[in-house]
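Welcome! Please take a first look at the model below, and then we will walk through one of its pockets and the chain as a whole.

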Amino acid sequence: MNALESFVYNHVKNNYIVKTMLRNAYQGFFDLLPNYESRFEKDIVVREDSFFGFHDSDPFSRDCSKTLAYRLHIPLRMPGKSDLLDVGYWTGADFSEWVKVGESGAWNYHKGCRLQWVDEAHCIYNTQHDGTLVAEVANVETGQKRTVSWPIDTVSYDGCYATTFSYERLQHEMPGYGYLYGDEDAYMKESVSEKTGLFLIDLKGNRRELLLSLKQIADFRHEPDMDTCFHFVTHTEFSYDNRYIAFLHRWYRGTSRNTRLLVFDRVSRQLYASPTSGMVSHYAWNRLGGIVAYCRMEGKDSHVYFAQPEMKEWKRCAYPRINCDGHQHFVDDDWFLVDTYPDKWRHCKLYKVNRKTDEVVLLADVKSPKQFVPKDQDHWWKCDLHPRVSADGRWVSFDSVHTGKRSLCLMALD
């Protein structure tokens with residue numbers, strides 16, 4: 001954002017309705033002017049009518065011969081209960097061969113059905129059985145499946161555990177991020193509940209425990225404005241050593257929306273809160289136990305690196321050159337990728353950023369056609385780049401609509 005855009009954003013950022021109206025009007029003016037085409041630093045592989053979704057997991061197999069993805073069968077509209085999503089992976093030369101593993105009846109455009117690797121031979125994804133949300137673990141070689149009794153959010157790196165929460169509460173407050181099915185953990189009549197919150201699933205034993213209730217979470221370093229708000233958790237992520245679980249705690253009331261980043265230590269059972277002020281949107285771990293997050297610190301919104309899970313030491317990353325929200329994924333312990341939302345020209349950028357030196361490298365400048373702008377919260381079909389990096393740092397996978405269709409794109413990294 002330039003200085004004027006940043007000034008306006010800082011004055012309307014707490015009201016998403018006003019912010020959306022001003023954004024649409026601003027972009028609408030530039031729609032009248034000549035635009036430019038997408039630019040990529042390297043050649044990309046494009047697979048149309050396919051996508052992966054969120055930025056918080058690695059879709060590549062360890063040998064990078066497969067990359068998990070979905071295939072669409074509906075036009076640009078919100079999915080209904082009868083709309084199935086193909087689940088599988090791309091493989092072969094230039095990832096040109098599609099292998100279907102299964103189907104999901106519980107999905108959205110932003111997070112798909114939370115498809116992830118459990119180990120080299122198995123993947124897991126959410127679906128529904130007779131209206132009940134569950135997860136299926138599938139052997140990608142044999143096709144054999146087994147059912148986990150609850151939907152999952154994120155799988156631990158050792159493949160033993162998964163996090164979960166109420167997707168009904170999430171869908172209620174963030175339409176387009178949950179599913180069209182209720183769940184027994186919602187307790188929708190309770191703004192903050194002792195019976196639901198952050199759960200941990202033992203994937204092998206098909207057992208679940210409540211790690212932290214919403215009441216416990218809200219009571220921890222309680223803030224006065226939490227009292228009259230509706231609370232929920234989302235965006236969970238394991239540290240690489242599987243010891244810590246990070247997640248976003250959100251409390252909403254009307255147009256008032258607040259979020260903080262919390263980290264739970266599974267060994268000591270300690271809970272840590274980010275020293276942010278009202279806003280955390282996205283984050284990612286590196287292998288050192290550090291976290292980069294887009295958040296508000298000392299009145300400024302920026303990408304901030306927290307040096308340890310306790311989040312006591314921090315520094316801003318590449319500010320003010322990178323001064324807008326985005327989705328991060330680490331390439332290695334120092335470099336991370338981050339995208340941006342569409343600017344006034346409706347172009348999204350993909351950057352590589354060094355959290356130590358603040359060096360910034362532009363990898364892609366991608367056009368996002370107007371038809372993918374959501375009309376409102378109930379028509380949330382936009383497409384973010386959501387960069388995901390293979391474990392060896394060789395490949396980046398991202399979603400794009402620059403061809404006019406939602407597409408999975410792959411680019412080799414140095």
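How much space lies in the second largest pocket? About 660 Å³ lies there. Here a pocket is an open set of points on a 1 Å grid over the protein atoms alone, where a 1.4 Å probe fits, with protein on both sides within 12 Å along at least five of seven lines; lining residues have an atom within 4 Å of a point. The volume is the space filled by probe spheres set on the points, which are joined across faces, edges and corners.

This is a predicted model, in which local features need pLDDT of at least 70 and side-chain atom pairs pLDDT 80 or more, while totals for chains, interfaces and linings use all residues. Residues are numbered from 1 along each chain as its sequence is written, and side-chain values use heavy atoms, without hydrogens and water.

The second largest pocket is lined by 31 residues, and Asp 58, Tyr 157, Tyr 240, Arg 287 and Ala 391 are the closest to its centre. Strand β7 gives the largest share of this lining, four residues. Strands are DSSP runs of E with at least two residues, and helices runs of H or I with at least four, numbered from the N terminus.

Now for the whole chain. It has four helices and 28 strands. Its C-alpha atoms fill a box of roughly 55 × 55 × 40 Å along the principal axes. Of its 414 residues, 57% count as buried, meaning under 20% relative accessible area with a 1.4 Å probe, protein chains only.

How values were computed. Buried means under 20% relative accessible area, exposed over 50%, partly exposed in between (1.4 Å probe, protein chains only).
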